[in-house]
Amino acid sequence: METKDKKWIVGQGSHIYFPQDTRIIMFQVILALLPACAMALYVFGMDALKVLLVGVISAVAAEALIQKYLMKTALTINDYSAALTGLLLALNLPASSPWWMICIGSLIAIGIGKLAYGGLGQNPFNPALVGRVALLIGFPALMTNWSVTGGYLAELYRKVNPETLTAATPLGFVKAYSGTNFSADLVNYFNSYKINWESLFVGTTSGSIGEISELALLLGGAYLIYKKVINWEIPVSFIGTVGLISMAAYYANPQATLLPHYHLLSGGLFLGAIFMATDMVTSPFTFKGRIIFGIGCGVLTMLIRLYGGYPEGVSFAILLMNIFVPIIDIYIKPKRFGV
Amino acid sequence: MASELKTFSQGGIHVDDRKYSHESPIEKLPASKLLVIPTSQHIGAPAKVVVAKDQAVKIGQIIAEKAGFISANIVSPASGVVKAIEARMSPTGFKQECIVIENDMKDEYFEAVTDIAPSPEAIEKYDPASAVKQVEKAGIVGMGGAAFPTSVKLSPPPDTKIDTIILNGVECEPYLTADARIMIEDADKIAAGLALIMKIFSKNGPVKGYIGIEANKPDSIQKMSEAAAKYKDIQVVSLALKYPQGGEKQLINAITGRSVPSGKLPGSVGCVVQNVATAAAIFDAAVNNKPLIERVVTVTGLGVKTPKNLLVRFGVMFTELIDYCGGITEDAAMLICGGPMMGKALQTSEVPVTKAVSGILVLNHSEANLYEEAPCIRCGRCVDVCPMGLQPGMINKVIEAGEYEKLEELAIMDCIECGSCNYICAGHERLVQKIKIGKIKLQEILKARKEKEAREKAKAETKAAPQDKPGESK
């Protein structure tokens with residue numbers, strides 16, 4: 001082609017780009033969640049598959065329908081962020097969740113959690129957590145129904161006791177009976193190693209389908225840190241704070257407090273700290289800001305678990321800390337050059 | 001060489017350097033018949049035309065004169081006749097006043113030039129008293145791309161104490177290799193140029209000289225080290241590969257550890273920074289009375305068939321350079337004057353090479369950022385990479401909201417427009433473009449505020465004045 005007559009594309013610099021853009025970042029987070037998905041399928045079988053599929057499909061559909069018919073704007077489902085929100089929501093649900101409840105969760109997560117604020121990047125709260133917390137408040141029974149309906153756990157539990165249909169989490173049990181005569185016995189029961197930390201870590205216990213295996217979540221987290229999608233600051237400060245407080249609480253009153261490993265490994269801490277609190281949109285810009293954010297999440301989680309009405313506090317803690325992100329970003333600024 | 005490579009203290013990006021033309025020796029491109037010379041090839045006021053149509057000119061003759069303190073002379077790069085003085089497209093992307101010269105191909109010089117070889121002896125003998133005048137006459141400006149008039153840089157305010165001269169051989173823009181080749185092929189002249197600059201400043205005390213080169217150019221480092229070894233107090237510093245190390249403030253920080261304060265010039269920390277090609281030009285002008293009539297331009301990118309480094313007379317069209325390199329490929333997409341990070345995209349290749357043109361970059365569809373802007377997801381990478389410690393994402397939001405007065409607190413004027421944030425942005429947002437707009441808007445606000453304050457002060461004085469007059473108010 002003649003150089004002279006060439007019609008050149010004119011753009012604004014810089015003219016080259018870093019390939020890891022929003023789409024790739026979202027895709028990498030989805031990839032990082034695959035070990036947790038695999039563990040969910042292994043432990044909960046087809047029930048988990050159903051929850052995962054309904055979660056992802058309903059979130060994508062919710063975004064597409066709202067954007068097309070309600071907002072009449074361009075569809076953004078190609079950036080994978082709706083799929084990721086759906087996947088995260090699903091991983092935060094019990095295996096027994098009915099399909100319609102998941103759909104309501106997706107609709108709230110996408111519609112109210114994200115699009116109502118102006119779409120990706122504008123939302124102050126983590127959308128998946130908005131969906132989850134709405135379901136937790138709206139359907140408390142269904143959301144804590146850790147029924148053993150199928151998969152590995154069902155077989156295991158039925159071997160022990162053919163009548164077993166539900167298996168509440170240790171945190172849930174203790175909270176349910178706190179203040180009763182039974183409380184100390186229950187704590188004692190769990191603390192005398194009826195469930196060892198290895199099985200909690202690998203994930204052959206009850207809980208939301210995505211939170212059970214800290215091993216799988218750590219694998220995904222390591223991948224994300226390696227790919228520089230997330231920083232280590234929030235997971236480490238969040239989990240570290242929970243570890244310290246739970247240890248302090250245990251040694252202050254070992255008779256009435258669960259061992260720290262239950263606080264670390266039997267709830268939604270790792271899923272929340274690695275995949276939800278690190279959500280770029282809703283976490284601080286700076287290193288120091290992220291440490292403060294992580295510590296705040298940890299403190300609030302433990303306050304809710306130890307003194308609040310809910311057995312689990314990770315979701316609430318992250319949402320509460322989301323509120324502080326703009327303030328953290330105003331007060332914690334990067335160090336300027338030459339100032 | 002130190003085992004740990006030096007670099008600047010904060011921010012920066014690691015970007016694939018894509019120096020395709022590094023091995024390609026500098027080739028001299030024949031001067032063309034018609035040369036188009038813009039009167040504004042530098043930062044500052046455009047030069048004032050001092051020739052008329054049909055006037056005969058010779059090489060080195062001043063055809064447009066420095067107009068104002070920050071400005072530079074424009075000399076004729078060829079002997080011949082002035083064909084026209086008119087507005088033409090320049091590599092800035094705008095039409096500018098240009099002097100069109102028809103080259104008679106005789107290459108006659110306006111003033112006699114000498115051919116003294118660069119050596120410590122030549123510098124020893126040279127009396128630097130007239131050096132700055134020579135540099136000004138030759139029309140030399142910074143050749144790294146910013147094109148700041150060199151004579152101005154060589155004459156800082158009398159109260160500034162300069163103890164360090166740094167030559168910038170970093171060439172941190174990906175793709176560009178002009179400086180790397182000049183260092184390989186003309187190391188002696190660069191070293192002599194540095195020694196000469198040091199001599200200019202040494203009247204106020206001892207001056208140290210450094211040449212900063214990134215470690216991806218081991219051959220340039222070697223040649224420059226050999227040349228520098230002949231001089232006292234000149235040291236070549238290998239730097240770790242990191243963009244934007246060639247930024248003046250970043251380079252000073254990397255080499256000396258000093259930080260130029262916000263809003264201040266390098267002189268405030270005792271430093272003067274010059275590009276390596278500028279140093280060579282300073283030697284030519286000062287010692288040999290040679291005017292600045294040509295420069296080395298890298299023609300590169302996957303959109304050009306054979307990337308090369310060309311020594312080109314000013315005024316030659318980009319088209320000629322590109323065609324000399326085999327022309328463009330089928331999937332060529334973008335034409336950029338300069339490097340990919342800070343260069344400017346052009347609509348046409350029918351613009352002339354000027355003093356500021358360090359490279360002509362033809363990007364193909366796979367290299368060029370052709371993405372639409374997507375929303376900010378607050379990934380915060382722009383904050384991490386900003387070498388000035390700013391918050392580009394936040395600045396962008398403020399600009400989009402039209403809240404320009406907030407830009408003052410966000411220190412937008414500190415931005416060096418290096419494009420690191422733009423490069424790393426997950427939403428492919430054109431942050432630098434918006435920051436440039438924001439800077440203009442903030443300057444307008446600051447100017448209006450100043451004027452208002454001046455008006456109020458004047459008003460207060462006129463009000464106060466009658467009361468001071470005894471008798472009148474009583």
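Modeller: Let's start with a term: two strands count as paired if DSSP finds at least two bridges between them. Keep in mind that this is a predicted model.

Colleague: Okay, what makes β10(B) and strand β11 of chain B a pair?

Modeller: The cut-off is at least two bridges. β10(B) and β11(B), residues 234–239, have six, in the parallel sense, so they count as a pair. One bridge puts Ile213(B) with its partner Ser238(B) in β11(B).

Colleague: Why is strand β10 of chain B called largely enclosed?

Modeller: A residue is buried when its relative accessible area is under 20%. Six of the seven residues of β10(B), 208–214, are buried, so the rest of the structure largely encloses this strand.

Colleague: Now the interface. Why is the meeting of Asp329(A) and Arg378(B) called a salt bridge?

Modeller: The nitrogen of Lys or Arg has to be within 4 Å of a carboxyl oxygen of Asp or Glu. Here the N to O distance is 2.8 Å, so the pair qualifies. The count between chain A and chain B is three salt bridges.

Colleague: How much area do chain A and chain B bury between them?

Modeller: About 4,800 Å², with 57% of it on carbon and sulfur atoms. Trp8(A), Phe285(A) and Phe337(A) supply 20% of chain A's buried area there, more than any other three residues.

Key
Residues numbered from 1 in each chain as written. Chains lettered and ligands numbered in written order. Predicted model: local features only at pLDDT ≥ 70, side-chain atom pairs only at ≥ 80, totals over all residues. Heavy atoms only, no water. Buried area = accessible area lost by both parts, 1.4 Å probe. Salt bridge = Lys/Arg side-chain N within 4 Å of Asp/Glu carboxyl O. Buried < 20%, exposed > 50% of the residue type's maximum accessible area, 1.4 Å probe, protein only. Helix = DSSP H or I, 4+ residues; strand = E, 2+ residues; numbered from the N terminus.
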